Amino acid sequence: MLQTRDYQRNLERMVEERTQELQEALKRLNRKVKELEARDRISQLLLTVHTPEETLFAVLEAFQEAINAERGVIFMADAPTQKLEPVIGWGILAPGDWAPPESLRRLSDPWIEEAKGAAIQAFREGRAIGGNENVAIPMVRLGEAVGVIF
């Protein structure tokens, strides 16, 4: 009888562990699906003619949805100087609102300053910078960084 109870407890523990493993695997799978959907939307967008602003808007929107971010900004490099400037933002001025470059340049906000610092580092190093909370990801064209999504 005692062995049966021990076996039952052990079996329940194993079921709980396996359930947790499956839940984590499902979360990873759902994140991957969101990433692939975002890539597909961007690929479809690039097959048609759009203004640079429309393209950046769509890229940031897909990025935001893929990672469930509350806010984000795209920095683009000025061709001659390679200085990064914000070109579009989301959720910075107000939750869910889009911010044009003029507003972003005038804004004095610690988050924007942090974003710009990380963006500069990611741009120079050509690799993602950051962790779970914030991440700066370089945008690369023909092997050269052209901007950063934060």
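## Pairing of S4 and S5

Gly 130 has Val 135, in S5, as its bridge partner. S4 and S5 run antiparallel and are joined by 2 bridges; two strands count as paired if DSSP finds at least two bridges between them. Strands (E, at least two residues) and helices (H or I, at least four) are DSSP runs, numbered from the N terminus.

## Basis of the model

This is a predicted model, in which local features need pLDDT of at least 70 and side-chain atom pairs count only at pLDDT 80 or more, while totals for chains, interfaces and linings use all residues. Residues are numbered from 1 along each chain as its sequence is written, and side-chain values use heavy atoms, with hydrogens and water left out.

## Sheet

The open sheet has 6 strands in the order S3-S2-S1-S6-S5-S4, with antiparallel pairing. Its edge strands, S3 (98-99) and S4 (129-130), each pair on one side only.

## Largest pocket

The largest pocket holds about 590 Å³ of space. A pocket is an open set of points on a 1 Å grid over the protein atoms alone, where a 1.4 Å probe fits, with protein on both sides within 12 Å along at least five of seven lines; lining residues have an atom within 4 Å of a point. The volume is the space filled by probe spheres set on the points, which are joined across faces, edges and corners.

Of the 18 lining residues, Ile 42, Val 59, Phe 63, Ile 137 and Ile 149 are the closest to the pocket centre. Helices H1 (2-46) and H2 (52-67) and strands S5 (135-141) and S6 (144-149) each give two or more residues to the lining, and H2 gives the most, with 6.
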